[in-house]
Each structure stands twice: as C-alpha cells, then as structure tokens.
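Hi everyone, thanks for making time this morning. Let me bring the model up on the screen, and then we can walk through a few parts of it together.

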Amino acid sequence: MGLLISNLDHGDRKLCFCVGLWMILTLAGKVSPTSSDSLLSSLPMTASPPPPSVYLPASFKMSNAQLAFFLREAQITGQTFGGGGKSGSGPGTGHPLQRSESFVVFQTKDVPAVNISFGPFARDQALSKDLLQPTSPLDIPGQLTVNWKVRAFIVQARVFSNNPTVQVFFYIAGRDWDDFKAQDKLPCVRLHAFRDVREIKTSCRMKGNLAQCLAQLELPPSWFNTNVAPLGRRKGSSDTLLDGLSSETLQAELYYTLHWPNTDGECSEGSGGEPPSQHPLLRIGSISLYQASQEQLLVDKQLDKNMFLRLPEKPLKPGETLKISLFLMPNSTIEQFTLKVKAKKGVNLLQTRSKNAQWRVDWEVQSGAKHSITTIDVNKNKVKQGEVMGNVEVMQLDFEMENFTSLSVTRRINWNIDYRGQNPALDSEKVVTELTVVQRDIQAIIPLAMDTEIINTAILTGRTVAIPVKMVSIEMNGAVTDVSTFVQCKSANEDIVKVSMNCDYVFVNGKESRGSMNARVIFSYEHLSAPLELTVWVPKLPLQVELSDSNLSFIKGWRVPILPDRRSTRDSDADDEDEERRVSRGCTLQYQRALVKVLTQFHTTSTEGTDQVITMLGPDWQVDVTDLVQDFLKVADPRIAELVDRTILVGLELGSTVLKVESPLAMDAVLGESAFSVTDDKVSITEMRVSAISGLTLTLHPSPGNSHTIVAKATGVQTLTAPKQEASLSIWMLFSDNTAATLTYFDPKDYNLNASTLDDKVASVSQEPQQRWPVVVAEGEGAGELVRVEMTICETCQKTKRKSVIASAAVYIKVRFGPEEDSEEEVTTGERDGAGADHQAADV
C-alpha cells in the first residue's frame with residue numbers, strides 16, 4: 001500500500017521508510033441526534049427525536065501495523081457520528097458500558113494488536129491470523145501474509161514451434177523486501193498450460209528477497225498442429241505495403257497453483273504420485289502458438305511511394321548476418337534508380353544480389369574513417385507482355401554486424417534514392433533505419449514494485465508515500481538479472497504518480513489531484529521498455545468534517561471564570577493558571593463543547609480518462625483520518641472558538657465561523673470544513689448518567705458482510721469482585737437540545753466532582769488530590785444505587801457559601817466477591833448498567 005517516508009535526499013537528510021502507521025482514535029465524543037428532513041417527513045409531527053446515544057468513552061488505538069485505518073459505515077444524509085448509525089458504524093450502540101470500532105489492516109509484518117483504555121484500565125489483544133487473512137492462497141505456516149499477492153508475467157505471448165519454451169516470471173507483491181524471516185518458508189509455484197483437454201506443468205521455488213522465480217515449460221510438437229498457418233509478416237506503417245497473411249492462431253491457457261516443497265526443499269514437477277493441490281487454479285493469461293516460419297518475423301519500412309524495405313524485427317547478435325530486402329510497390333513504373341546506402345562503422349555490407357531476373361544490380365563501396373557509402377545502380381530489363389505485376393522483390397542486401405564490448409548498441413543505416421532524372425519522387429528524402437545489436441538474448445524486462453497499490457495520504461499529511469521498485473531482465477536461456485541501476489524511467493502522468501530520478505521507487509508527495517486503477521510508469525533498458533502498472537487511491541475531497549454539536553450554547557447554572565487572555569486553562573501552566581483565576585474578570589456561563597471527527601473515502605478511477613469511480617472497501621465504508629489531519633485543523637476565526645487537545649472544540653465568544661482542514665502543502669487551500677456557531681441560547685443538563693467501571697473486556701470479530709474489516713468491541717466491567725478493588729466513573733451529560741457529551745471534554749478546574757456513599761459496608765469513596773475524579777472502593781458484597789455523585793461550580797464562581805450544584809446522579813454499584821458469573825455484555829439498562837439521575841441547577 002505504500003510506505004511513509006519523511007525525506008527523499010540521500011545526502012544529509014535521511015531516506016526513512018516508516019514501518020508503522022498508528023491510527024489513534026481519541027476519546028468518544030458528544031453525540032448529536034438524528035435530524036434529517038427525511039426523518040421528519042416520515043414521522044408524525046408530534047413525534048420527538050430519539051434520545052442521544054451514550055457509550056463507553058474508551059479510547060482505541062492500533063499498534064504494530066504498518067498501514068491500518070479505523071472505519072465507520074457510511075451513514076445517510078443528516079446523520080452525525082454516534083447519532084444512531086448502523087451497528088458498528090459509530091463508537092456506540094446506545095449502551096453506556098460498550099463501544100465498538102471497525103478497522104482494517106492493509107499491511108503489517110508483525111502481529112498487530114488493538115489497545116483500549118479507560119481511566120486506569122487498559123486491555124490489549126493481538127489479532128488472530130484467521131481475522132487478518134481469512135482467505136489467502138499464500139497461507140504460510142507461522143508467517144503473516146497480509147496483502148501479499150502473487151504476480152505473474154508472461155515473458156513472450158507468442159511461442160513458435162522451433163522454440164517452444166514458455167516462460168512465466170512470478171514474484172510476491174505486498175511483502176516487505178527487507179523482511180528476511182520468510183525467505184526459507186516461501187512456496188513453490190506450479191505453472192499449468194492447457195491446450196484443449198491436454199495439460200502440461202512445471203514448478204519453480206520462490207526465493208530471494210524479492211520472492212521470485214521463473215517457470216519454463218516446453219510445449220510438445222503436437223500442440224503446434226498443421227492447421228496453424230505461419231505467422232507471416234507483420235504489417236508496417238501502411239496496410240497497403242504488403243500482402244500480410246491473416247490467419248486464426250491457436251491459443252494455450254496458462255494457470256498457476258501454489259504448493260509446498262518436499263522435505264529436501266525442492267519443487268516437484270507435478271507428474272504424479274503426490275496429493276492434489278489444495279489451492280485453486282488461478283488464471284495468468286493466454287499465449288498464441290505458431291508454426292515455425294522459414295523467415296524471421298519481419299517489419300516493413302517505406303522509403304517512398306515507390307518502394308519499401310523489409311528487415312528483421314528482433315535485435316541482432318554480434319557477427320550475425322542481416323538480410324534486408326528491397327521491394328517495389330504494385331503498379332510502380334520505375335525502371336531504373338540509384339540507391340545510396342550510408343552505414344556507420346561496424347556495419348559492413350557483404351554483398352548485394354538481384355532477387356528477380358528482370359532487374360540488374362551493380363554496386364561499389366567507398367569506405368571512410370567513420371562511415372562507408374555504397375552506391376547501387378539498379379536497372380530493369382524488358383518485361384514480357386502479359387506479365388502480372390505485384391509486390392516485386394528487387395534485391396537483397398547482406399550486412400555483417402561487427403563485435404563490440406558493450407551490452408548493446410544501436411546502428412543506423414541511411415538510405416537515399418536517386419531516380420536519375422526519371423519521374424523523381426517528391427518524397428525522396430533520406431530514410432534512416434535503426435538496428436539494435438545485443439550481446440544477450442533478452443526476451444523481456446519486468447519492473448517489480450514492492451506493492452501494487454498506493455494510498456495517497458500525502459495529500460492529507462504532506463508526508464511522501466513511496467514504494468521501492470526493482471527491474472529484472474529475462475533471457476532466453478532462463479537467466480534472470482537485476483538491471484535496476486541501468487534503467488531509465490518516466491511517469492505517464494505525474495498528476496497521479498511520480499518516479500524518482502534513480503528509478504528506484506515510485507511515490508506520491510501530495511501534489512497529485514487524482515487516482516487511477518492503472519497508473520503507469522514506463523521503464524526502459526537497452527532496446528526494451530515495459531510499463532509498471534499501479535493502483536493509486538486518493539482521498540475524496542472535500543473531507544467530511546463532523547462536529548458532535550455545531551451549535552454551542554450556554555449551559556444553565558454552570559459558571560466558569562473569565563480569564564484575561566481567554567485561553568483555555570488546559571493550555572496554561574498550572575501556576576500561571578491559578579494566578580489568572582485569582583485575577584479573573586468575573587464569571588460567565590460555560591459553553592457546550594464538541595468533538596471533532598474527520599472522515600473520507602479513498603477512491604480511484606477505473607481507467608484514466610473515465611468518470612467511473614471505485615471506492616476502497618466499497619461505498620459503505622468511510623475512513624477515519626482525524627489522526628492524520630489533526631495538526632491542520634484550524635478555526636477560521638480564533639476569537640470565536642479554539643481547539644483543545646487537538647479535537648475538542650471550545651467556544652470563546654458569540655459568533656459564527658468554520659472549522660477547516662488546511663492543506664499541509666498549498667497555502668490557503670482547504671481540504672474540508674464545517675460551519676458552527678457559538679450562541680447565547682441556554683440549554684439545561686436534563687440528566688447526568690454515571691456508571692462505575694471496574695475493568696475492561698475486549699473482543700474481536702469479523703465485520704458482517706465484509707471479510708476485510710474487523711470489529712473491536714470494548715465492554716466496561718461493572719462488578720467489583722475483590723475487597724478494596726476500585727472502580728472509575730464514566731459520566732455523560734444529556735442536554736435539553738437533545739445532545740450529549742462526556743464530562744472528559746471539560747476542564748476539571750471548571751467544576752468540582754464529589755461522591756458520597758450511602759452504604760459504607762458495601763462501597764466507600766476515595767478521592768486523592770492527584771486524582772481527577774473520585775473512585776469507588778469495594779468493601780463488602782451488595783448491590784444498588786449506593787453512591788451519589790454531585791458536580792458543583794468551581795470555588796471561584798460560587799456566589800454564596802452554599803455550593804451551587806450543577807447536576808447530580810445516583811450510581812449503581814455491584815460488589816460480588818469471587819469469579820464473575822455473567823458476561824457484562826449481557827447486562828441491560830434495566831439492570832442498572834448506568835445510573836439515572838436527579839438533577840438540579842440554578843439560573844444565573
């Protein structure tokens with residue numbers, strides 16, 4: 001999927017491929033009710049909206065994963081997170097002791113784990129192999145193969161009976177090339193070739209840091225049966241140049257399976273005596289079968305409107321004789337001409353000879369220091385009456401390629417025609433033919449990428465995402481050579497993907513504007529070129545910026561100090577903060593606060609230039625990118641509101657503005673935004689719900705209907721099972737505008753939280769100075785609403801000696817010593833999993 005790198009320079013700045021992408025989900029937030037027009041229109045006018053959901057405000061994060069995302073199921077228009085989405089789509093299901101999060105792991109070398117925490121409690125659980133890769137043809141015992149894919153390349157799609165060898169190159173993409181632990185555990189690949197009902201097969205063992213192998217299969221002569229016509233000559237630049245033979249060729253189908261080596265580490269050929277493969281046949285593609293032709297595969301080069309050359313298409317070997325034929329076009333009236341052939345040193349004309357009795361050929365050579373010039377006089381004898389004229393082969397020129405020391409060279413031959421005053425052609429300019437001479441019989445070059453997909457998070461973070469690339473050459477004799485340091489490369493579209501100057505990695509740096517299912521980078525080596533095709537995913541813009549409450553109102557009865565510089569006390573030093581509170585300019589009502597979440601979908605186009613959009617994981621899923629963009633969240637008017645702890649929106653004064661995600665790369669560019677208001681409306685705390693949590697449980701299971709995604713479910717344990725065991729408090733406030741917020745959004749210095757026990761034989765209350773909130777301590781067995789919690793105004797804003805209570809609630813406590821009997825997940829609200837609350841507040 002791509003690796004994050006911080007710098008690309010190989011000098012003073014270090015090239016760093018990040019091995020971890022930790023997606024951290026912050027504490028769950030205030031919940032907004034569903035309020036869409038469609039809902040209002042479908043319900044009676046007297047119906048009230050459903051109450052806001054509350055859930056266990058635990059934090060989730062993923063560790064040991066190279067590339068992973070938390071997810072949310074896409075919701076209908078008008079829904080906000082936590083407001084009654086599908087099961088598993090948001091943080092809660094309306095149960096104050098539970099919270100579920102969906103996630104996906106794209107790439108990992110180690111076993112990833114889900115970590116949850118609430119107060120002093122934390123649980124970790126590693127993902128099982130069955131969850132990570134439920135169905136994988138690359139199931140290697142003791143090895144994670146998440147996102148591993150076998151890639152197969154047919155070296156030559158045309159196979160001739162005089163050289164009936166099929167070559168297919170295999171390697172594993174999606175695997176870290178620096179992970180050497182799995183090299184001894186790699187499987188064998190069995191290549192299957194089918195011709196009608198006939199089958200032959202062979203195997204090769206994947207090995208090396210690229211996990212590669214070349215399978216070579218020799219087809220039997222019977223597969224090239226006599227009803228297959230010769231391939232003929234390939235057409236040149238014009239269809240009228242030749243009498244090309246068109247015939248239907250035979251096809252053979254290629255498949256592969258994976259199997260394990262024997263005890264000696266060798267791969268069997270699959271000739272029998274072994275159990276059948278447990279892996280399915282996976283299709284590679286087709287090859288075309290041709291009878292061997294007496295001629296080489298030829299290509300035509302037009303000299304002018306009267307004649308053309310026919311020469312071999314494939315590269316030549318040093319010392320090999322090159323035969324070039326000259327043809328006249330049909331109905332040509334030319335009877336004499338002079339052909340001048342200028343060849344660079346190293347290309348020697350051995351002879352010219354007439355190929356038709358009607359033509360006489362005379363020639364002489366003048367050799368120079370760098371070139372040789374051959375003058376050929378061609379004259380036509382008298383044509384007998386009634387002779388049919390077609391493409392006429394006039395003569396053949398035989399050249400010899402001298403030996404050289406480099407891997408390959410390009411030789412040029414210049415051709416010029418002089419009609420000696422008779423019907424001179426208007427286009428009789430010099431024509432150049434280029435000939436490639438190679439030392440090795442290289443059949444193909446194949447670019448290999450460590451992964452075949454890039455998720456372009458650089459648009460969101462400004463950090464480059466790169467994938468290493470290697471290049472290998474395949475020779476006729478089966479030799480596979482790494483030629484990475486000798487290649488040249490160019491991206492077909494840098495607006496989608498880029499390639500490094502040294503051609504050793506492809507990358508995106510955030511300046512791209514779109515994705516593609518078949519983004520191409522062209523690599524060339526010697527006379528050959530080959531494309532590397534990748535899938536590039538980009539985030540859908542604008543990003544979806546969600547606020548748990550877009551209308552921040554005053555909370556009745558909750559007064560807080562007005563600080564001189566209006567900074568949030570969470571961002572102040574403790575000593576400075578206390579001094580500011582002593583010199584504060586009075587008190588004002590507390591504003592509601594909102595949690596920020598940023599979502600998107602990564603998508604791409606099916607082919608470049610089309611409008612067909614494909615969404616990663618399907619259109620039902622959104623990706624939580626809050627952690628990636630939280631450094632770029634900004635309030636447009638900082639006088640109205642500010643962000644605390646990066647994702648908590650705090651109102652400062654009345655007004656309307658937007659919360660925006662700024663681009664990390666482009667000045668003044670905005671990736672997404674959400675409007676909100678800070679108003680002088682007043683809301684009441686209608687209820688405070690408090691739950692006592694004595695521990696956590698964590699379960700993982702596949703997401704229904706999607707094999708790639710996993711659901712992590714956290715549950716708060718309510719029962720205290722040992723003397724002096726402590727329980728922490730989970731506190732939600734429900735407001736009269738049908739929103740809800742956990743008390744963790746607010747600064748502890750803006751309120752006092754006190755707890756008292758109604759039965760100290762069952763539970764006592766402890767509140768140390770360093771503790772944020774009081775804790776419940778088990779003393780003896782019992783159950784009931786045994787603890788009362790009161791939230792009061794901070795001392796600075798108390799009007800009288802009698803404390804002003806903002807809200808209060810009774811807390812259900814259960815103490816039962818010994819092992820737990822029932823799962824906490826089965827507890828229902830009717831069994832007092834959270835406490836209902838009586839409430840009192842004073843108006844300002």
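How many bridges join strand E10 to E13? Seven, with E10 covering residues 165-173 and the two strands running antiparallel. Strands here are DSSP runs of at least two residues (E), helices are runs of at least four (H or I), and both are numbered from the N terminus. Two strands pair if DSSP finds at least two bridges between them.

Before I go on, a word on what you are looking at. This is a predicted model, where local features need pLDDT of at least 70 and side-chain atom pairs count only at pLDDT 80 or more, while totals for chains, interfaces and linings use all residues. Residues are numbered from 1 along each chain as its sequence is written, and side-chain values use heavy atoms, leaving out hydrogens and water.

Back to our strands. E10 and E13 belong to an open, antiparallel sheet of three strands, ordered E8-E10-E13.

Now a second sheet. It is open too, with five strands in the order E37-E36-E46-E45-E42 and mixed pairing. Its edges are strand E37 (587-591) and strand E42 (633-635); each has a single partner strand, so one side of each lacks a neighbour in the sheet. Neighbouring strands here are turned by 35 degrees on average, again ignoring direction. Inside this sheet, strand E36 (residues 551-561) runs parallel to strand E46 (residues 670-683), with four bridges joining them. Phe554, for instance, has Lys682 in E46 as its bridge partner.

Let's zoom in on one residue, Ser372, in strand E22 (residues 371-380). Is Ser372 buried or exposed? Buried, because its relative accessibility is 14%, and buried means under 20% (exposed is over 50%, partly exposed in between, with a 1.4 Å probe and protein chains only). Beyond residues up to four places away in sequence, Ser372 touches several others, including Val341, Val347 and Val365; contact means heavy atoms within 4.5 Å.

Finally, the whole protein: it has five helices and 57 strands, and 51% of its 844 residues count as buried.

Methods. Axes are lines fitted to C-alpha atoms, for helices over the stretch in contact, and angles run from 0 to 180 degrees between N-to-C directions.
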